[in-house]
Amino acid sequence: MIVSGLVGNSVRHSNCRLVHVSVSLTGPGRVRLSVSDTSTTVPVKQEACEDDTTGRGLQLVDALADRWGTDLRRGKKIVWVDLLAEDEPA
């Protein structure tokens with residue numbers, strides 16, 4: 001769900017033809033998902049109304065992730081999400 005939301009946002013808002021998805025282990029019980037594109041527009045979490053059909057992607061990411069953020073690097077944006085296994089200490 002998280003990757004789908006991040007890729008959907010990237011495709012919808014960046015006008016990029018190429019989106020890069022990566023998954024990496026960053027520590028014991030910790031996984032980082034990241035999606036990069038060539039847009040430098042930082043995503044902003046919106047508050048969707050009950051009858052809105054879009055605008056909940058980052059709300060979902062925020063609810064499911066241990067933490068998330070955006071890094072800007074040389075003409076590209078990387079939106080990353082850290083997931084922590086429940087039995088691992090934070």
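Here are some questions and answers about this protein, which is a predicted model.

User: How many residues line the largest pocket, and which lie nearest its centre?
Analyst: This pocket holds about 470 Å³ of space. Its lining is made of 25 residues. Those nearest the centre are N9, H13, P43, V44 and L58.

User: Which element gives the most to that lining?
Analyst: Four elements each supply at least two residues of the lining: α1 (2–14), β2 (30–37), α2 and β4 (76–84). With eight residues, the one that gives the most is α1.

User: How many of the lining residues are nonpolar, polar and charged?
Analyst: Gly goes with the polar residues in this count. The lining of the largest pocket then splits into five charged, seven nonpolar and 13 polar residues.

User: On to charges. How many salt bridges does a search of the whole structure find?
Analyst: A pair counts when a side-chain nitrogen of Lys or Arg is within 4 Å of a carboxyl oxygen of Asp or Glu. Searching the whole structure that way gives a total of seven.

User: How far apart in sequence are the parts that D82 and R32 tie together?
Analyst: The two side chains meet in a salt bridge, at 2.7 Å from N to O. D82 sits in strand β4 and R32 in strand β2, so the parts tied together are separated in sequence by 50 residues.

User: Is D82 buried or exposed?
Analyst: The cut-off for buried is under 20% relative accessible area. D82 has a relative accessibility of 1%, so it counts as buried.

User: Which strands does the salt bridge between K77 and D37 tie together?
Analyst: Their side chains meet at 3.2 Å, N to O. K77 and D37 are both buried. The pair ties together parts 40 residues apart in sequence, because D37 lies in strand β2 and K77 in strand β4.

User: Where do K45 and D62 sit?
Analyst: These two form a salt bridge, with their closest N and O atoms 3.0 Å apart. K45 is partly exposed at 36% relative accessibility, and D62 is partly exposed at 35%. The pair links distant parts of the chain, 17 residues apart: K45 is in the loop between β2 and α2, and D62 is in helix α2.

User: Which residues do salt bridges with shared partners join into one network?
Analyst: D82 and R32, the pair with a 2.7 Å contact, belong to this network.

User: Last one: how much accessible area does the nonpolar patch of M1, L60 and L64 have together?
Analyst: One member, L60, is in helix α2 (residues 57–64). A patch residue needs over 30% relative accessible area, and L60 is partly exposed with 31%. Together, M1, L60 and L64 form a nonpolar surface patch with an accessible area of about 310 Å².

How values were computed. Residues numbered from 1 in each chain as written. Predicted model: local features only at pLDDT ≥ 70, side-chain atom pairs only at ≥ 80, totals over all residues. Heavy atoms only, no water. Patch = residues over 30% accessible without salt bridge, like charges linked within 9 Å, V, L, I, M, F, W, Y side chains within 5 Å. Areas by Shrake-Rupley, 256 points an atom, 1.4 Å probe, with all protein chains shown as cover. Buried < 20%, exposed > 50% of the residue type's maximum accessible area, 1.4 Å probe, protein only. 1 Å grid on protein atoms, 1.4 Å probe; cavity = no way out; pocket = protein on both sides within 12 Å on 5 of 7 lines; lining within 4 Å. Points joined across faces, edges and corners; volume = space filled by probe spheres on them.
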